[in-house]
Amino acid sequence: MNELLDMGGYAIFVWSSYGIFFFSLVIFFLINMLNLRKYEKIFNKTKNKID
Amino acid sequence: MLNLIKRDLLLSFYSSANFFFTVSFFVLILILIPFAFGTQSDQLTNLFKGVVWIALALSIIITVDRIYNADYEDGNLDIIMQKNKTIEYLVISKYVTHWFIYCLPLLVILPILSFLFYLDYLETIQIFINLFIGSFGMVFIANFVSALTLGAKRTIFLKAIIMIPLFVPFIIFGSDAGSWPILLGLSMLSFVISIYVTAYGLRLYGE
Amino acid sequence: MNELKIEDLSCKRGESKVLNNINLTIKSGETLVVKGRNGSGKTTLLRILSNFITSYQGKVSLNDLSILEDNLYNNKFNLIGQKNSLKDNLSIKKNLELWDIIFNETLDHAKLLEHDNLDRLINRDVGSLSDGQKKCISLYRLNYNKYEFWFLDEPFVYLDEVNTNSLIEKINRFNENMGIVILTSNINLPKKFHKEVNI
Amino acid sequence: MYIKINNNHIELIKSANPYLIFATIFVFIIGLYYSLFQSPPDYIQGDSMRIMYIHVPSAWFALMTYSILAGSCVLWFITRNPLFNVVARSIAQVGMVFTLMSLITGSIWGKPTWGVWWVWDARLTSMLILFFLYIAYIFLWQAISNKELASKISAALAIIGFINIPIIKFSVDWWNTLHQPASISKLSAPSIDESMLIPLFIMTIACFLFLVTVSLIRFRLVLIENKMLRTSN
């Protein structure tokens, strides 16, 4: 296990790049998902008003 | 077409502060070199050859708001576009005046500056030729960026972000003395692209 | 004798339709007043007539020739939009000189401005004038006189009674010389013109 | 070839969404397992080689997304089908994220490999410029208030950027031969071992799934934005 975490001495590089990569992807995904929810809510409200 | 050139020159003559500011801006950026890097003469000469391009790029960037924006906002662009049915002619005359008003003064002042930075005659001539050819290409690019961003108000930073990547090839080849044929090619390419894109942008905003 | 004909004109701006099946005919010596609510497409109509907007359904033709194909059409009209086309940091005199060059016609500014009671302002910067004065100077472009059409977008806004009357007088004189005027307005005008249309 | 998006399509995309999210996560986990545990370390670079499995796919998709973006802008100008505009707008931000990721992971990989965080090599420089092209495309659209106009203008810019990228790459190459004769940055491309190809392949599929998932979410977002603009008029 320690060997894996150590990554042959390159631990900080490997883990930080994987960390940044997945963190950004998840954040980006969440931003868009939440935006979509918000917009759908607003849109449905305005549609109801028109109807 | 000649009318428009005459009109733009007269306009810049009436508000001559603009053109004066651009020249001062150009000179001041170059004057910063010794302050930032020290006064060793051979180093200064080298730095000058590169920084002069950055100064030119920045000077063109700060003038990009003046090409079409003022006329667009006060409505003169409508009259000009009505009187010049072939918008490509209008665009070409804008190229001429923009280069004449904002780039020619910089080229005129360049030899004086290059002597301040200990360049010899040959190097001065080489840089002058490169800047002369490259400035045309940069003016073409500045024109179409100006035409495309007419509807986006007060966005000089956005314009700079659009323009600087397009300036990169000019700066790369410009700082090399022997590559003026490539610069010429780049300028011609940007002319071809720019004239269509500028006319396209102006037509869109005319609607 | 000119005849400007608009047939089945419809135009979309973005996703909303602003003009819907408009049919109009204007002959020499007539004035058309276009009325309508804000955003009903009055300005769009004028910009179609002045060839700025080229994508629309229907046909606009001058003497049975579509204005899109008429190469001389752009030199026949004088469009005065809502923007006043003035440089704020220059004096009136310099502004007029710039117009002279664009319109390719040199006017006797001193005399014409005296007629409009603007001669005392000639050396003032445009930025220091009131909106009404700016509008008057904007309408000064009507003095360029080789045009057969005037397209005026909201010309009466900001004008006082005296200036309104003198503009109406000018339009009448232009009509007498067989000119066609199309103007938009959303206020009631003191005088009836030949034709009025609501869009 | 005029495809019009109707409610059925949107419903289909909507119902596919959870499966896509699930598939993306699943393939990413497999890919992580292969790239971090299964594959052997490189002879020369050791374990730092593992960064390749996220760096290379993001660089590929950064470029591919920009090609799709520019391509759909061209198609939009030719066919006038608004679908292409929606595609361009929904894909742009994903591409920007991939570009940024390939820059960041690349420079973290560069530190142990070359000893520096950044090398002024044609590939890296054009990637950096590509990032700014994405930014210009996205923010120009936001800066222009007339959205119909904004789409046309930013599409024109995207196409110009597409012409610009090869020019930049060529000129930086040229410039490197002029200024720094010893190019240190050629990645050791030859003979990737098969054991390395598998995790790379899986990670590429995972990134592709992510691209599709988020693009489809943004696709719906853009469509709703368009509808809201329409009703507000």
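Reply: Met178(C) is partly exposed, at 43% relative accessible area. On that scale, buried means under 20%, exposed means over 50%, and partly exposed is what falls in between (1.4 Å probe, protein chains only). Before going on: this is a predicted model, where local features need pLDDT of at least 70 and side-chain atom pairs count only at pLDDT 80 or more, while totals for chains, interfaces and linings use all residues. As for bookkeeping, residues are numbered from 1 along each chain as its sequence is written, chains are lettered from A and ligands numbered from 1 in the order in which they are written, and side-chain values use heavy atoms, with hydrogens and water left out.

Back to Met178(C): its phi is positive, about 65 degrees, although the residue is not a glycine. You'll find Met178(C) in the loop between H5 and strand E8 (180-184) of chain C. Helices here are DSSP runs of H or I with at least four residues, strands are runs of E with at least two, and both are numbered from the N terminus.

With a relative accessible area of 53%, Tyr158(C) is exposed.

H5 itself (residues 161-176) carries Glu169(C) and Arg173(C), which are four residues apart and so separated by about one helical turn. The two form a salt bridge, with their closest N and O atoms 3.6 Å apart; the term covers a side-chain nitrogen of Lys or Arg within 4 Å of a carboxyl oxygen of Asp or Glu. Both ends count as partly exposed, Glu169(C) at 47% and Arg173(C) at 41%.

Over all chains there are 16 salt bridges. One of them pairs Glu40(A) with Lys14(D), closest N and O atoms 3.7 Å apart. Glu40(A) belongs to helix H2 of chain A and Lys14(D) to helix H1 (residues 7-38) of chain D, so this pair joins two chains. Lys14(D) is partly exposed at 35%.

In chain B, Glu123(B) and Lys49(B) come to 2.9 Å between their closest N and O atoms in another salt bridge. Because Glu123(B) lies in helix H7 (residues 121-148) and Lys49(B) in helix H3 (residues 41-63), the pair ties together parts that are 74 residues apart in sequence. Lys49(B) is partly exposed at 22%. There's a salt-bridge network too, linking Arg7(B), Asp8(B), Asp71(B), Asp74(B), Lys94(B) and Lys87(C).

Chain D has six helices and zero strands, and 53% of its 233 residues are buried. Asn85(D), in helix H3 (residues 82-114) of that chain, is buried at 10%. The side chain of Asn85(D) makes a polar contact of 3.3 Å with that of Ser151(D). A polar contact is a pair of N or O atoms within 3.5 Å; within protein, one must be able to donate a hydrogen and the other to accept it, and residues adjacent in sequence count only if both atoms are side-chain atoms.
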